[in-house]
Amino acid sequence: MKICLMIVVAAALAGNSWALDRCSVVRAIRRGGLAGIKGYSLGDFVCLAYHASRYDTSLHRSPTEYGIFQINSYWWCDDGKTPGRKNVCRIPCRNLLNTNIADDVKCVKRIVSDPNGLAAWEPWKKYCRGKNLSSYVRGC
Ligand SMILES: *[C@@H]1O[C@H](CO)[C@@H](O)[C@H](O)[C@H]1NC(C)=O
Ligand SMILES: [Ca+2]
């Protein structure tokens with residue numbers, strides 16, 4: 001039992017990632033009031049989070065993309081190093097890598113208000129736009 005637990009802990013540390021479950025993502029997006037903006041559904045935002053990061057709030061594989069929505073450090077957050085960064089969301093990029101995604105959702109709300117809307121995200125265009133997204137919100 002103890003060994004079992006140690007293996008689980010070691011695996012979690014080695015993986016260094018923190019994925020939320022789907023319904024937690026649904027709830028945070030709902031609370032943030034994203035659904036309905038510019039005609040986008042709750043499913044559009046959940047689908048985006050899934051295809052951007054697989055709900056991994058710690059994802060930071062590219063040096064300029066942060067967290068569950070892969071928010072970019074040129075326009076939206078301050079990582080203290082991206083040249084010319086605008087920090088439109090007024091947030092340190094590291095705050096986009098923790099498991100509280102209320103602030104991430106708030107930043108998405110700002111990003112979506114731009115003319116491109118969700119088309120700012122390639123994964124949304126590729127996997128979510130025009131698709132039946134009911135499975136992303138089912139049961140939550
Ligand atoms: C979307 O898919 C679900 C089953 O996965 C189905 O029940 C529903 O009718 C579909 N909606 C549309 C608009 O096709
Ligand atoms: Ca956060």
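Which residues of helix 2 are buried? The buried residues of helix 2 are Cys23, Val25, Val26, Ala28 and Ile29, where buried means under 20% relative accessible area, exposed means over 50%, and partly exposed lies in between (1.4 Å probe, protein chains only). Helices (H or I, at least four residues) and strands (E, at least two) are DSSP runs, numbered from the N terminus.

The structure is a predicted model, in which local features need pLDDT of at least 70 and side-chain atom pairs count only at pLDDT 80 or more, while totals for chains, interfaces and linings use all residues. Residues are numbered from 1 along each chain as its sequence is written, chains are lettered from A and ligands numbered from 1 in the order in which they are written, and side-chain values use heavy atoms, with hydrogens and water left out.

**Helix 2 and its surroundings**

The buried residues of helix 2 pack against helix 3, helix 4 and helix 6; contact here means heavy atoms within 4.5 Å. Just after helix 2, Gly33 has a positive phi of about 70°.

Two packed helices are described by the angle between their axes and the distance between the axes. The axes of helix 2 (residues 22-31) and helix 3 (residues 42-53) come within 10 Å and cross at roughly 130°. That makes helix 2 oblique to helix 3. Axes are lines fitted to C-alpha atoms, for helices over the stretch in contact, and angles run from 0 to 180 degrees between N-to-C directions. Angles under 35 degrees count as roughly parallel, over 145 as roughly antiparallel, 65 to 115 as roughly perpendicular, and the rest as oblique.

From helix 2, Arg22, Val25, Val26, Ile29 and Arg30 meet Leu42, Phe45, Val46 and Ala49 of helix 3. The residues of this contact divide into seven nonpolar, no polar and two charged. In this scheme Ala, Val, Leu, Ile, Met, Phe, Trp, Tyr, Cys and Pro count as nonpolar, Asp, Glu, Lys and Arg as charged, and the others, Gly among them, as polar.

**The disulfides**

A disulfide is a covalent bond between the sulfur atoms of two cysteines. With a disulfide taken as a pair of cysteine sulfur atoms within 2.5 Å, the count comes to four. With bonded cysteines counted along the chain, the pattern is 1-8, 2-7, 3-5, 4-6. The table includes three of these links.

| Disulfide | S to S distance | Torsion about the S-S bond |
|---|---|---|
| Cys23 and Cys140 | 2.0 Å | -75°, left-handed |
| Cys47 and Cys128 | 2.1 Å | about -90°, left-handed |
| Cys77 and Cys93 | 2.1 Å | 95°, right-handed |

Cys23 lies in helix 2 and Cys140 in the segment after helix 6 (134-137), so this pair ties together parts that are 117 residues apart in sequence. Cys23 is buried, with a relative accessible area of 18%, whereas Cys140, at 30% relative accessibility, counts as partly exposed.

Cys47 lies in helix 3 and Cys128 in the loop between helix 5 (122-127) and helix 6, so the pair ties together parts that are 81 residues apart in sequence. Both Cys47 and Cys128 are buried.

Cys77 and Cys93 each lie in the loop between strand 2 (71-72) and helix 4 (102-112), so the pair ties together parts that are 16 residues apart in sequence. Cys77 is buried, with a relative accessible area of 0%, and Cys93 is buried, with a relative accessible area of 0%.
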